[in-house]
Every structure is written in structure tokens, then in C-alpha cells.
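Trainee: Before I use the labels on this model, I would like to know what each one rests on. Could we go through them one at a time?

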Amino acid sequence: MLLKEYRICMPLTVEEYQIGQLYMISKHSHEQSDRGEGVEVVQNEPYEDPTHGQGQFTEKRVYLNSKLPSWARAVVPKIFYVTEKAWNYYPYTITGENCSFLPKFSIHIETKYEDNKGSNDNIFDNELKEQEREVCFIDIAYDEIPDRYYKDSEDLRYFKSEKTSRGMLQEGWRDTQDPIMCSYKLVTVKFEVWGLQTRVEQFVHKVVRDVLLLGHRQAFAWVDEWIDMTMDEVREFERAIQEATNQKIGIFPPSISITEKPLSSCALTGPASAPTTPMCTDAPESLSVPKDRPRKKSAPETLTLPDPDPSGVPQSSTLTPLPVSNHLQSSTPTSSKSDLAEMGEQ
């Protein structure tokens, strides 16, 4: 398990970002989708939780086979998707992602939003329960973004909003910007498969960081498109764009259900607080070590055993061990330390 806390500041208020977040997620998903790949919305409906109150439940399928690195594509089916379930009780959200093909893989994200510049070091005290985690600040204006995602119109060093007059963020902008808010995201990645755990968990965190950077950049770069929207208007936009995205993917017919009546907490498989991702104990057959795999034996070059002697004094005879095949390798599990830069190229 690899746990990190990401903090992403925005030149917005928490109230404004509630609209901006919904707009950005819908438009971003549509842009990143193409036939056979992208984000299919399965469910999107009101949801009532006894602890967190009324919110919105969303289930999506993220098809991403071609975006995987070559070492991952070698072990997954041609049609491969991750199931994402999200419970949005803004300003608190819970997101869980898992894959039926990889039962030992899961991503769990808890998010809290506050009107500050990322200065709250105790925001996840109740959730962490003294667990160690790395804190990573993401600068939406100056952190490097993958070339394939870069657009001049979304470069926040040069973008200025016409409607809010905010923008052209200068170096150190978080110290002087007003208003300012922060998205605090506690991200847990699990991939409990021998020999691949470290490599996969580090790769997934790199992908998560790139997605968070891109999404938050776009949310502000598109601020003039959504800043005047009401919640009803952004929900209608969300409905229309999700249907268009499902048709764009083309694998399954649209199946969105946005209902007016909130579902009770027992209507969906989700606990009152943070949901857990089901895990099973067995790895997929393609990633398992064969049971009959030969294992290298450790033995001295000679083995000395006592020989009985009529005189009662033990004599020794030397046995030479049988030769071991050159192809046998040690089966001791190790964590991969290969260059992650290569894995980031999707």
C-alpha cells in the first residue's frame, strides 16, 4: 500500500469550485474519450447518507487499455476498464476505483475542500489514524505537465479570466492570491501482487498526480464558461455531456439515470462513511507464480556424512551434489527499482 496526500490550491472559493468541479469533470471526460476508450457514466443520481447527509452517487467505467504502459498491456484483456464509484457530499467526497480482472488492485481517494492555501496539516487526522503519508503540493501554474496534455489556452501563467479578472498567476501566487482554496486529497493505492507491487503503486500515483494537475488547471482555465452557472444549470450540462460521451465511446449504449428522488443509503452498496474496495486473496492466474515452478536449492558444494567404522571411530565420505540447471533463478520476491520515467509514457 502506498499512501500520499495531495494539496492543490486554486484561485477560487470552495463555493465557486463546487460548480467548477462538476463542469470540469464532465468536459474533461468528454475530451479524453474516443471510440472504445474513455469514461462511460453508468449511474449518476442523488444519494442520502445517514452520516454525511444528501449527496450524489456516480458510477463510471474508465476504458484505458491503450493508455497503459507496455508491461501492463501484456497482462490485461484487450477491453479493459476500471470501475469508479464516487460519493459526493461536497465539501467532502469519497472515490473508490477497482478492477475485476485485478482483484488485488484498488485506489481509494478522500477529498476535503477548505478556503485556505493548503495550511491545514490536521485535516485528515481522523482518517489517517497515525498512518505515515507523504504530503505533495501541486502547483497548477508552474508544475510540469506532460507534453501531450499541454495547451496554450490552459497555461495559467498567461491566462486571465475576463469575468473574474483573476489569472496570470505569478511565481509564489499562493502566498498573495485572494480568494484561494485548497483541495486536500488523501490517496491510497494498493496492488498486492508479488514482484509488481512497488512498480505498479508508484506508477499509479504518477498517473493520479498528472490527472489532478491537468483537471485543476482546466477547472480554472474554463472558469469563464461556468462561473455564472447555477447548480441546476451545471447538472443539466452534466447530463447532456455524459450522454454525448457515452455515445462517443460507442461500446455500450447510454445508461445514465439522473433521478429527482434521493436514494436511501441502503439502496446502494456503500457504507455510511468511506466505502472499501472489495479485495480477494488470490492473484489473477496471469500474474501468479506457477505452483510447479522450480526453486533454487541452497546447498554446500560438498556434503560430509559420518561412515560407520568397526573400530568405532567415525570416518567421513564425501558426496558431490548433482549439478543445478543454469536456468533456475531465485524466487525471493523483490521490489522493482527500475526507472519510472519509462512507465509514465502511456
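What follows takes up aromatic pairs, charges over rings, and backbone geometry in turn.

Mentor: Keep in mind that this is a predicted model. The count of aromatic pairs in it comes to 10.

Trainee: Why is the pair of Tyr23 and Trp222 called edge-to-face?

Mentor: The ring centres of Tyr23 and Trp222 are 6.5 Å apart and the planes stand at 75°. Ring centres have to lie within 6.5 Å, and planes over 60 degrees apart count as edge-to-face, so the label applies.

Trainee: What makes this pair a tie between parts of the chain?

Mentor: Tyr23 is in helix α1 (residues 14-31), while Trp222 is in the loop between α4 (197-221) and α5 (223-226), so the pair joins parts 199 residues apart in sequence. Tyr23 and Trp222 are both buried.

Trainee: What makes the pair of Tyr47 and Tyr89 tilted?

Mentor: Their planes are at 40°, with 6.4 Å from centre to centre.

Trainee: How do you know whether Tyr47 and Tyr89 are buried or exposed?

Mentor: Buried means under 20% relative accessible area. Tyr47 has 0% relative accessibility and therefore counts as buried. Tyr89, at 5%, counts as buried too.

Trainee: Which charge lies over the face of Trp222?

Mentor: Lys27 does, at 4.3 Å from the ring centre, and the distance limit for such a contact is within 6 Å. Arg148 likewise lies over the face of Tyr149, at 4.8 Å from the ring centre.

Trainee: Which peptide bonds are cis?

Mentor: Among them are the bond joining Tyr90 and Pro91, with omega about 15°, and the bond from Asp178 to Pro179, with omega near 5°. Most peptide bonds are trans. Pro91 is in the loop between β4 and β5 (92-99), and Pro179 is in the loop between β7 (134-138) and β8 (181-191).

Trainee: Why is Ser165 called exposed but Met168 partly exposed?

Mentor: Exposed means over 50%, and Ser165 has 52% relative accessibility, so it passes. Met168, at 39%, falls between the cut-offs of 20% and 50% and so counts as partly exposed.

Key:
Residues are numbered from 1 along each chain as its sequence is written. This is a predicted model: local features need pLDDT of at least 70, side-chain atom pairs count only at pLDDT 80 or more; totals for chains, interfaces and linings use all residues. Side-chain values use heavy atoms; hydrogens and water are left out. Rings of Phe, Tyr and Trp (its six-membered ring) pair if their centres lie within 6.5 Å; planes under 30 degrees apart count as stacked, over 60 as edge-to-face and the rest as tilted. Helices (H or I, at least four residues) and strands (E, at least two) are DSSP runs, numbered from the N terminus. Buried means under 20% relative accessible area, exposed over 50%, partly exposed in between (1.4 Å probe, protein chains only). A charge sits over a ring if NZ of Lys or CZ of Arg is within 6 Å of the ring centre and within 35 degrees of the ring normal.
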